[in-house]
Amino acid sequence: MMGIATLRTTCLAAYGLATALLLGAASPGSGAAAAEFNAERHFRGKTVSLYVDFKPGGGTDTQARYFAKHFGEFLPGKPRVDVKNLVPDPAARTYVWKAKQDGLSLSFLALPGIGIELTDPSLEIEAYKFKYIGSHASRDMVLFTRGDLVPYKSLKEAAKGNVKLVFSERVGRPGDLEGRILGIALALHWLEVPFQILPVAQAGTNDNFLMLERGEVNSMLVGSQWYFMPNRRKGWLADGYVRPIADFGHPDDRIGPNDEYKQAVPHIYDMLTKDQQNVWDGLILSDVMAGKSLATGPGVPDEIVKVLRDSYAAAMKDPEFSAGLAKLQGQPVDLVTGDKLQARGLQVHNAYKSEIPGLGKLQEELYSLYVKGR
């Protein structure tokens with residue numbers, strides 16, 4: 001028979017649980033609901049879907065499938081994880097935005113895409129309002145010159161120099177000067193480095209490499225290639241055929257050594273004035289804020305987001321998971337935690353929004369000065 005003290009304790013516990021459940025039902029995001037949230041029960045037996053904005057077979061999709069195979073082991077309840085491809089971009093993000101806000105639908109991103117809704121009002125999403133889980137790859141962006149064609153060892157040496165830096169980019173009108181290409185024009189204009197951009201019909205990484213080899217250009221600014229370069233063009237860095245003279249990535253995520261180049265690469269941000277940095281934050285940082293990353297919908301409760309962020313960070317710090325991911329992506333795992341990525345997103349959004357009114361005039365000015373052969 002249950003004693004009076006035991007019965008009283010049991011009743012109080014049941015009353016407390018019932019009260020907490022009632023409060024949670026009344027306010028799903030409340031502190032009481034968060035206290036009662038059971039992560040194991042929430043995820044056990046469920047499927048977490050990773051939505052990708054691209055067709056199967058690409059780099060983002062391949063990484064998402066690696067997560068589908070291994071990430072469930074780090075989530076409470078060990079749910080199944082699968083991949084769903086929805087195209088064209090940003091169809092997958094739009095789906096996650098509208099999906100049930102339970103943390104079971106995640107957007108597996110090539111780039112966070114902060115600010116896209118500011119230039120395309122027809123979109124149904126606001127990128128900075130997603131709940132970011134974290135990023136595992138920095139968005140490296142390095143300015144290379146061809147060593148035998150360009151005498152400068154730094155942008156400081158190049159200022160007001162006699163040899164122009166020549167790039168090829170897919171630029172047919174002022175509005176095409178955005179992101180990475182705008183970064184070239186804006187930085188070199190500020191630093192008074194002579195340069196020109198040759199407009200071409202196609203300008204992918206392989207096209208840039210080929211034109212550099214032919215001597216049609218003597219410089220290139222390419223993204224996500226720093227760690228791949230020793231494999232894609234063995235000896236280029238070791239022999240000085242190409243020279244890295246500026247890191248254009250996020251100023252908080254400086255590139256490390258790769259297999260052929262161990263020296264520090266100067267960062268463009270350190271060469272700018274404070275006023276120039278403010279403009280840079282608005283117009284360029286969105287393109288280099290982070291590389292591959294995960295996000296969930298804006299209405300997912302904080303307690304679920306915390307579990308996802310903690311599980312993601314644990315996976316990145318696990319030696320086996322991290323080593324496999326690093327091998328797959330061809331660069332070291334560079335963790336940006338979800339809360340830090342969230343703060344970056346808001347900062348970039350606000351900065352971009354403040355710079356948009358003057359963007360068109362700036363693009364027209366730079367286009368008229370530096371885009372040659374149009």
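Me: Happy to look at this one together! In which order do the strands of the six-stranded open sheet run?

Reply: This is a predicted model, in which local features need pLDDT of at least 70, side-chain atom pairs count only at pLDDT 80 or more, and totals for chains, interfaces and linings use all residues. Residues are numbered from 1 along each chain as its sequence is written, and side-chain values use heavy atoms, with hydrogens and water left out. Strands (DSSP runs of E, at least two residues) and helices (H or I, at least four) are numbered from the N terminus, and two strands pair if DSSP finds at least two bridges between them. The pairing in this open sheet is mixed, and the order is β2-β1-β3-β10-β4-β11.

Me: Which strands stand at the edges of that sheet?

Reply: Each edge strand has a single partner, so one of its sides is left without a neighbour in the sheet. The two are β2 (80–85) and β11 (336–337).

Me: Which residue of β10 is the bridge partner of Ser107?

Reply: Strands β3 (residues 105–109) and β10 (residues 293–296) pair in the antiparallel sense over four bridges. In β10, the partner of Ser107 is Ala295.

Me: How are the rings of Phe67 and Tyr312 arranged?

Reply: Rings of Phe, Tyr and Trp (its six-membered ring) pair if their centres lie within 6.5 Å, with planes under 30 degrees apart counted as stacked, over 60 as edge-to-face and the rest as tilted. Phe67 sits in helix α4 (residues 59–70) and Tyr312 in helix α13 (residues 302–317), 245 residues apart. Their centres are 6.3 Å apart and their planes at 20°, so the pair is stacked.

Me: Is Phe67 buried or exposed?

Reply: Buried means under 20% relative accessible area, exposed over 50%, and partly exposed in between (1.4 Å probe, protein chains only). Phe67 has 0% relative accessibility, so this residue counts as buried.

Me: And which charged residue sits over the ring of Trp236?

Reply: Trp236 also pairs with Phe209: the centres are 5.5 Å apart and the planes at 75°, so that pair is edge-to-face. A charge sits over a ring if NZ of Lys or CZ of Arg is within 6 Å of the ring centre and within 35 degrees of the ring normal. Here the charged end lies 5.5 Å from the ring centre of Trp236, and the residue is Arg233.
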